[in-house]
Amino acid sequence: MSNVLVFIEISSTGKISNTAPALLAAAAKLGTPVAVVATAPGAGAGLTDELGALGAARIYVGESDAVGTLLVSPQLEALSAAAAALEPAAVLVSNSVDGREVAARLAVRTRGGLIADAVDVRSDDGKIIATHSAFGGAYTVESTVEAGLPILTIRQGAIEDQASPAAPEVTTVSLAVDAHNSAVIDEVNDPVVDSERPELRGAAKVVSGGRGLGSKEKFVLVEQLADALGAAVGASRAAVDAGYVPQTSQVGQTGVTVSPQLYVALGISGAIQHRAGMQTAKTIVAINKDADAPIFDVADFGIVGDVFTVVPQLIDAIEARAN
């Protein structure tokens, strides 16, 4: 099978990004998944077992003292070296800030073709076909690269598959990174995580609340249902503008785009800007007292009713089933 490179993002603390499982699963649909990581010398050894458990059949480790001190450049050099050595059929990258930057630079360097924000991938007669959700989810379209190396960024949370565990073959190379053409990292400030809930971007389950909750104090109902489901908390722009939650929780065209397996909308009318950020969710459940709310047009399951009556009963049922 053809090699498919997967760029694995590593945090400043050495942890594998939560986008890795989906990327390796997508690669397994196209060929042999090859995880590509850039690390400081000697730091890659501890990643082998974890990446193998996630489905990496091969691991290509690029080592450089510049990792953590130069922005993106070491990661680009690792991918470039892997592409030259392994002649892959495609390269898969998370549609994150760093992922998009690396993918674009790699496309220029290799004269490849860049496909951005795919929600699924498949192989058809040797061609890599990407699926996209376009115009706020109104259309599903496909694209391919006609010439050159296909380089695809994959939307976080869009792919739920899991690749089979493997005992990976590991290749380690030293990277030469040109510091003159690189931005220097002066300091890394990791966000303080004061919640055990999943991160909104990439979460498998999301519970979002809208202006229909009525106040910041009543928005706690969204958090209670999210905790019962083990879900991330989101919100509509109207709820953010009203001060119920911080802007980092906003789902929509001007907020975070999510593609979870389950999306629960509480008191959200469903403006097109909000639907653009969540319409690719696999299952959408909407609870709203307005039977004509646009959110019901995209919902798989809808309940017309007061969230303050329906949701407590739902939480009780979930907890009773868990026990």
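This is a predicted model: local features need pLDDT of at least 70, side-chain atom pairs count only at pLDDT 80 or more; totals for chains, interfaces and linings use all residues.
How many bridges pair β6 with strand β7, and in which sense do the two run? Residues are numbered from 1 along each chain as its sequence is written, and side-chain values use heavy atoms, with hydrogens and water left out.

β6 and strand β7 (residues 127-134) are joined by 5 bridges in the antiparallel sense, where strands (E, at least two residues) and helices (H or I, at least four) are DSSP runs numbered from the N terminus, and two strands count as paired if DSSP finds at least two bridges between them. One of these pairings links Arg 122 to its bridge partner Ile 129 in β7. Both strands belong to an open sheet of 3 strands with antiparallel pairing, in the order β6-β7-β8, whose edge strands, β6 (120-124) and β8, each pair on one side only. On average, neighbouring strands of this sheet are turned by 30 degrees against each other, direction ignored. Helix α1 (residues 20-30) packs on this sheet and touches β6 and β7, its direction making about 15 degrees with that of β6; contact means heavy atoms within 4.5 Å, and angles, from 0 to 180 degrees, are taken between N-to-C directions of axes fitted to C-alpha atoms, for helices over the stretch in contact.

Strand β8 (residues 139-144) also holds Tyr 139, which is exposed, with a relative accessible area of 52%, given that exposed means over 50%, buried under 20% and partly exposed in between, with a 1.4 Å probe and protein chains only.

The other sheet to follow is an open one of 7 strands, paired in parallel in the order β5-β9-β4-β1-β2-β3-β10. Its edge strands are β5 (113-118) and β10 (169-174), each of which pairs on one side only, and the twist from one strand to the next averages 20 degrees.
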